[in-house]
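My entries follow the structure.

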Amino acid sequence: MRKIKVLMLLSTYGVASGVNSFVMNYLREMNHDEIQMDFAVYFERESPYIEEINRYGGKTFVLPPIKNITEHFRTCKDIIKNGHYDIIHDNSLILTIPIMLVAKKESVPVRILHSHSTQLGENQWKRERNKYLLPWLKLCATDYFACSKEAGQAMFGRDKYTVIPNVVPYRKLRFDCDIRNDIKKNMHVEDKLVVATVGRAALQKNPYFALDVIKRVVEVEPNIVFWWIGNGPLEEQMVEYAVKLGIEKNCSFLGKRSDVLDLYQAMDCFFLPSIFEGLPVTGIEAQAMGLPMVVSDTVTNEMVYTDLVDYVSLDEPIEVWVAHLQKALSRNIERKKYNYELGQSVFSDVGCGKKLTEIYRVMLR
């Protein structure tokens with residue numbers, strides 16, 4: 001059987017990205033004698049993913065800035081022509097128009113556009129820009145993927161698309177009381193209740209609202225600490241805002257972490273007040289770890305596979321959010337059993353690599 005060659009397009013190799021987690025979770029479960037997956041990104045960052053990709057036989061590329069358009073196109077053409085790819089799988093969008101144009105011109109047989117969000121941008125300007133540019137990108141694609149029905153409808157409307165569920169590592173997402181105690185000790189929160197958000201420090205994740213809510217929670221539950229795990233453009237501003245609110249002693253901004261799965265063990269509640277999402281990997285992970293969750297009603301209910309998720313409207317006053325967080329923290333949950341729930345869901349990574357490889361093969365016929 002001939003090996004399939006895939007070029008995966010991402011914005012960066014960052015470990016805090018849900019999109020990157022999606023790709024890497026599938027890559028780890030693939031038969032690398034059947035498929036070679038190379039990666040091209042737009043913003044270079046140090047990452048353990050690079051070594052892992054190379055270990056699986058993949059190559060990694062960093063594209064020149066688009067402002068150097070001649071060099072950018074030349075590099076895209078070299079990568080496509082030298083790679084002899086069967087499939088180009090675009091998870092980045094808009095930035096990828098040049099390389100997708102090249103892939104179409106060079107007759108890459110399958111060119112996939114993958115929607116990971118229910119909106120086209122974090123603010124009105126980006127949404128308008130992307131709305132204008134998206135038709136050009138869609139003209140370059142042969143097939144559409146989406147992480148959820150809502151993400152597919154947002155980007156592709158009535159056009160046909162295939163839902164490829166986000167998956168998480170079933171074998172690693174298992175609550176362990178001993179690990180929990182070790183992490184709580186190491187993080188100096190043995191006697192605290194930990195509320196946490198995992199995600200980019202960006203407007204999409206609604207960080208200022210999150211801190212407003214936490215301020216009110218601290219007023220009624222002073223034993224609370226809040227972790228924000230993930231880096232992004234608003235990191236410094238979030239720290240400053242916590243100081244302004246007077247809750248800096250209750251907040252830890254942990255930035256980019258490679259031990260997020262361990263940090264889930266020490267949490268007592270997962271908090272996701274996002275303005276929009278596709279289908280958050282973090283929400284799937286948090287359920288597997290048995291964490292009660294308070295999330296905004298803008299997050300798709302397609303991620304729900306347990307009884308742990310509590311939705312609240314962003315239109316509700318902060319007092320309602322505080323009440324829901326208090327209720328979540330008061331729940332007496334047998335956390336170990338939720339690994340089994342993950343194993344029975346579509347979000348388990350067991351067999352996912354084989355499934356995606358078969359989808360690729362069908363598309364190439």
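**Entry 1: helix α12.** I noted that this is a predicted model. I asked what the buried residues of α12 pack against. I found contacts with β8 (193-198), α8 (207-220), β9 (224-229), β11 (269-272), β12 (293-296) and β13 (309-312). Next I checked the helix itself. Helix α12 covers residues 318-330, 13 residues in total. Its first and last C-alpha atoms are 19 Å apart, close to the 18 Å expected. I listed its buried residues: Trp-321, Val-322, Leu-325, Ala-328 and Leu-329. They lie on the same side of α12 because they cover an arc of only 125° around the axis. On the other side I found Lys-327 and Ser-330, both exposed.

**Entry 2: salt bridges.** How many salt bridges does a search of the whole structure find? I got 14.

I looked at Lys-81 and Glu-106, whose closest N and O atoms are 3.7 Å apart. Lys-81 sits in helix α3 and Glu-106 in the loop between α4 and β5, 25 residues apart. Lys-81 is partly exposed at 42% relative accessibility. Glu-106 is also partly exposed, at 27%.

Then I took Lys-138 and Asp-159, which meet at 3.5 Å, N to O. Lys-138 is in helix α5 and Asp-159 in the loop between α6 and β7, so the pair ties together parts 21 residues apart in sequence. Is Lys-138 buried or exposed? At 19% relative accessibility, Lys-138 counts as buried, while Asp-159 is partly exposed at 36%.

My last pair was Arg-365 and Glu-358, at 3.3 Å. Arg-365 is exposed at 74%, and Glu-358 is partly exposed at 37%. I also noted one network, in which shared partners join Lys-215, Arg-216, Glu-219 and Glu-319.

Technical notes
Residues are numbered from 1 along each chain as its sequence is written. This is a predicted model: local features need pLDDT of at least 70, side-chain atom pairs count only at pLDDT 80 or more; totals for chains, interfaces and linings use all residues. Side-chain values use heavy atoms; hydrogens and water are left out. Helices (H or I, at least four residues) and strands (E, at least two) are DSSP runs, numbered from the N terminus. The expected span of a helix is 1.5 Å times one less than its number of residues. Buried means under 20% relative accessible area, exposed over 50%, partly exposed in between (1.4 Å probe, protein chains only). The arc is that of the directions from the helix axis to the C-beta atoms. Contact means heavy atoms within 4.5 Å. A salt bridge is a side-chain nitrogen of Lys or Arg within 4 Å of a carboxyl oxygen of Asp or Glu.
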